[in-house]
Amino acid sequence: MKSIIIKNLSKISFVASLLCVAASAFAQDNISPQRKQAIDSLALEKVRDLSKYISIIGDKETAYSEATRVMERAGELFAPDSEMGVSSLTTEEITYYKVQEYFQRLMALNYDKVKIDWYDIHYISDLEKQPDGKYVGVVTVYQRFEGTSEDGLSYKDTTKKDITIYVEKKKTQIAGRTIEFWDVMLGDIRVTETSA
Amino acid sequence: MNRIKSFFNLAAMALILSAGLFACKGSKKAADASKDSDQDKPVVVIKDDQPEITEPVERDTNTREDAKMRLDNYFNSIANASGNATAANRNINEAKALFASGDVPVFIVIHQSTDGTKDYDEPTTIKDYLNYLKDTGKNLNNIAAVKTNSSGKITELELIRK
Amino acid sequence: MIHRLFITFLILIPSLLPAQITQEATGIDESELYASTKQVNQFFRRFNGEEDQKGNRYYENDKSYRDVELRKNYLTILFNTENNRISKDLKKQFINDVTSRQNPKYLNFHKEGWFAEVNAVFSRGGKDENILLFFKIQPQGQGYEWVLEKASVEAYKSSFNKDSSSNKSFIHPMSHELDFMNLNKAFRNSKGVDFTARNFKPDYLSIFLYELSNKKISFKTVRDLKFHFFQCAGWYFQISEYNRSGYNRGWLISDLTPIKEEQIPALKALIYDQQ
């Protein structure tokens with residue numbers, strides 16, 4: 001997924017190289033609260049982008065070609081092998097789906113009308129360092145889903161989504177210029193139906 | 001006098017251009033690039049601290065300011081198209097015309113420390129960024145800097161979080 | 001007093017929320033979601049007084065960071081109010097103790113003294129089986145990781161029920177002179193555990209790992225999760241997630257008891273289900 005962006009960049013005639021090196025010398029303690037907040041916001045924006053993409057993919061008004069394109073963009077937000085772990089109020093056990101499979105199911109939902117809304121609330125955990133030096137955190141958001149079938153019957157639920165975010169400092173060279181950037185990738189998502 | 005200045009400017013441009021073209025003929029393997037990737041640029045980089053040659057630079061500055069404003073308008077229109085894909089796509093195509101190509105790199109500064117250190121989001125391309133504005137319906141960034149080529153097309157764009 | 005604080009805090013919550021929040025006719029009142037302790041991370045921050053009512057982090061230089069009154073307010077709402085086993089007095093004692101100005105007690109994500117209990121489902125020969133897995137945090141490489149510390153498997157237990165009666169089976173003390181040929185009868189007629197030393201303790205985690213690597217069991221899903229805390233000297237508490245409506249939801253204290261240092265090993269053995 002990531003390679004799509006990289007491919008695009010490599011097309012630029014004057015892009016001579018693209019080097020991605022994790023800057024391991026970056027100690028957690030060196031990050032000021034203001035920078036931490038900027039990184040938190042960056043992570044939150046990726047989650048908001050995902051929310052938006054989910055709404056577009058689920059929307060029955062979205063043309064197939066457009067939904068497919070957006071699905072690809074949504075897929076680019078995720079680290080490989082990311083999964084959704086879904087449970088409902090009736091079945092507490094977690095059912096696993098691959099992220100792409102989840103999007104496909106969302107697009108194919110057999111409702112005449114689908115309405116997906118997101119609550120304003122979100123919660124961002126601390127970013128913890130993993131053994132490999134990447135930071136990992138969890139952003140929690142809430143989604144309201146309403147699907148109405150042709151005969152007017154509707155299904156509604158509210159789900160809590162706990163979304164894994166990986167944050168890594170990377171370096172790249174574009175147009176002879178070295179850019180250090182924060183690479184934010186989404187990972188596994190735990191989806192819990194919540195009591196209204 | 002002005003004519004002489006213009007001539008010098010043109011000559012400098014031609015030199016840079018030919019150097020760029022020459023470099024383009026050479027190997028462009030990614031691994032070699034870090035050595036001197038500037039050579040690979042078939043563009044004129046206009047810096048704010050460009051020396052004496054006043055008039056053309058002024059004109060360029062104006063062009064750039066104009067491009068910035070037009071671009072910002074496009075960004076807003078695309079982000080605010082709210083589901084009107086036709087309008088958004090038309091604006092995307094018009095905005096793209098301001099760029100040397102759809103693959104022009106876009107850098108987004110998410111934070112700037114007091115010591116000047118910049119934190120960036122992952123670099124993207126203008127084509128992807130315009131679609132991003134359309135899909136997410138939000139224009140979170142101001143235009144910080146643009147670089148243009150000799151034909152006034154944007155070759156590099158730096159944005160900064162509002 | 002605590003009750004009054006709790007009410008005040010709940011009343012305060014909606015007024016502290018952003019203006020755009022609306023109570024949708026079809027959805028959840030968003031202020032309930034703000035009140036909810038949405039992540040274990042939030043439990044830590046609220047317990048320690050390290051975030052505001054909207055979930056924005058306080059940093060060490062912030063005035064309200066670990067403020068005693070803030071902590072008291074948070075701690076009051078961190079209990080499962082539907083659990084009558086935790087008396088008001090006990091809660092009060094606990095809150096006063098951990099927020100005492102002389103010796104405040106905080107939770108530390110990276111330190112020993114807390115662990116997770118995961119109730120997982122495995123498949124054994126096509127049949128579902130619950131296995132409890134206990135994880136703790138440990139430093140590793142450049143950061144941290146959760147590691148398996150114990151496993152509790154019901155199916156293993158019967159193999160380790162040792163006969164402690166006076167007529168228990170034994171391998172007689174001259175067996176060595178016969179090259180232990182009597183093992184033939186011993187293992188046929190009795191459980192192997194009867195022939196173990198008095199201090200023998202089974203290690204379920206090793207058996208679990210052996211079975212997992214031999215594909216005798218395979219992971220299916222996670223059913224439930226809770227956390228046990230021994231980080232506040234003199235106390236043990238447990239937190240669980242409550243998925244229900246109202247303000248008292250999310251990760252909350254589901255059990256609390258005062259405990260002496262010397263009682264900890266016995267309680268841990270009870271939790272690990274391996275006395």
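Predicted model: local features only at pLDDT ≥ 70, side-chain atom pairs only at ≥ 80, totals over all residues.

Reader: OK, what is the average pLDDT of chain A?

Author: Chain A averages a pLDDT of 85, and 84% of its residues score at least 70; pLDDT is the predictor's confidence in each residue, from 0 to 100. Over residues 1-28 of chain A, however, the pLDDT is below 50.

Reader: At what angle do helices α3 and α4 of chain A pack?

Author: Helix α3 (residues 64-76) of chain A and helix α4 (residues 99-107) of chain A pack at about 155°, with their axes 10 Å apart. Helices here are DSSP runs (H or I, at least four residues), and strands are runs of E of at least two, numbered from the N terminus. Axes are lines fitted to C-alpha atoms, for helices over the stretch in contact, and angles run from 0 to 180 degrees between N-to-C directions. α3(A) and α4(A) are therefore roughly antiparallel to each other, a label for angles over 145 degrees, while under 35 is roughly parallel, 65 to 115 roughly perpendicular and the rest oblique.

Reader: And which residues of α3(A) and α4(A) make the contact?

Author: Ala67(A), Met71(A), Ala74(A) and Gly75(A) of α3(A) meet Val99(A), Gln100(A), Phe103(A) and Met107(A) of α4(A), where contact means that the C-beta atoms, placed from the backbone, lie within 7 Å.

Reader: How does α2(A) pack with α4(A)?

Author: Helix α2 (residues 33-58) of chain A packs with α4(A) at about 40°, their axes being 8 Å apart, and that makes α2(A) oblique to α4(A). On the α2(A) side the contact has Ile54(A), Ile57(A) and Gly58(A), and on the α4(A) side Phe103(A), Leu106(A) and Met107(A).

Reader: Switching topic, how is chain C divided?

Author: Chain C has domain 1 (2-15 + 28-110 + 230-259) and domain 2 (114-162 + 176-229), with bounds from an automatic or database domain assignment. The C-alpha centres of these two domains of chain C lie 35 Å apart, and 13 residues of domain 1 are in contact with 8 residues of domain 2.

Reader: How many residues of chain C are in contact with chain A?

Author: In chain C, 28 residues are in contact with 26 residues of chain A.

Note on methods
Residues numbered from 1 in each chain as written. Chains lettered and ligands numbered in written order. Contact = placed C-beta atoms within 7 Å.
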